[in-house]
Amino acid sequence: MRICLIAAALIAAPMLSACGSGDDAPAVTQEQLSKSLQDKGLKNPELADCAAKVFLDSGMSQDGLRVMVSNSQSGDPAKLLGEDDAAKVSAAQSKIAADCVRLGS
């Protein structure tokens, strides 16, 4: 029994360490975010670049930015954001409407 518990702990340790905060993942770049926005329907590259810059400048967490570039189709990505990131997305959307939409015309 004791051997089974030790073996289970040794097997689980690497898996649990992989479930960390994501600090080891590379930072989301403006280019990645812009491409993701374009892939999701924002066809104007200038508008997508401007929106990506606004989102990055908003101070969103890297985890929040990763949710935005995720290709996951399961549910609403906005529901996966934390409260702080959701507030930053809302503020960024207002800024995008004011600063970037003129680029899309």
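**Figure 1. The largest nonpolar core.** The largest nonpolar core in this predicted model consists of 19 residues, and Leu33, Leu37, Phe55, Met60 and Met68 have the most contacts inside it. At least two residues of this core come from each of α2 (30–39), α3 (45–57), α4 (62–69) and α5 (83–99). The most is given by α3, which supplies seven residues. In soluble globular proteins, nonpolar side chains tend to be buried together.

**Figure 2. Surroundings of Phe55.** Phe55 is among the core residues with the most contacts inside the core. Leaving aside residues up to four places away in sequence, Phe55 touches Leu33, Leu37, Met60, Leu65, Met68, Val89, Ala92, Gln93 and Ile96.

**Figure 3. The whole chain.** Of its 105 residues, 22% count as buried. Among contacts between residues at least 6 apart in sequence, 62% join residues at least 24 apart. The chain exposes about 7300 Å², of which carbon and sulfur atoms supply 61%.

**Figure 4. Salt bridge Asp39–Lys35 in α2****.** One of the five salt bridges found in the whole structure joins Asp39 to Lys35, with 2.9 Å between the closest N and O atoms. The two residues are four apart in helix α2, so about one helical turn separates them. Asp39 counts as exposed because its relative accessibility, 53%, is over 50%.

**Figure 5. Salt bridge Arg66–Asp63 in α4****.** The side chains of Arg66 and Asp63 form a salt bridge with an N to O distance of 3.1 Å. Arg66 and Asp63 are three residues apart in helix α4, and therefore about one helical turn apart. Arg66 is partly exposed at 22% relative accessibility. Asp63 is also partly exposed, with a relative accessible area of 41%.

**Figure 6. Salt bridge Asp99–Lys95 in α5****.** In the salt bridge between Asp99 and Lys95, the closest N and O atoms are 2.7 Å apart. Both residues belong to helix α5, where they lie four residues apart, about one turn of the helix. Asp99 has a relative accessible area of 28% and is partly exposed. Lys95 likewise counts as partly exposed, at 44% relative accessibility.

Conventions. Residues are numbered from 1 along each chain as its sequence is written. This is a predicted model: local features need pLDDT of at least 70, side-chain atom pairs count only at pLDDT 80 or more; totals for chains, interfaces and linings use all residues. Side-chain values use heavy atoms; hydrogens and water are left out. Buried means under 20% relative accessible area, exposed over 50%, partly exposed in between (1.4 Å probe, protein chains only). Contact means heavy atoms within 4.5 Å. Accessible areas come from the Shrake-Rupley method with a 1.4 Å probe; for residues, only the protein chains shown count as cover. A nonpolar core is a set of buried Ala, Val, Leu, Ile, Met, Phe, Trp, Tyr and Cys residues joined through side-chain atoms within 4.5 Å. A salt bridge is a side-chain nitrogen of Lys or Arg within 4 Å of a carboxyl oxygen of Asp or Glu.
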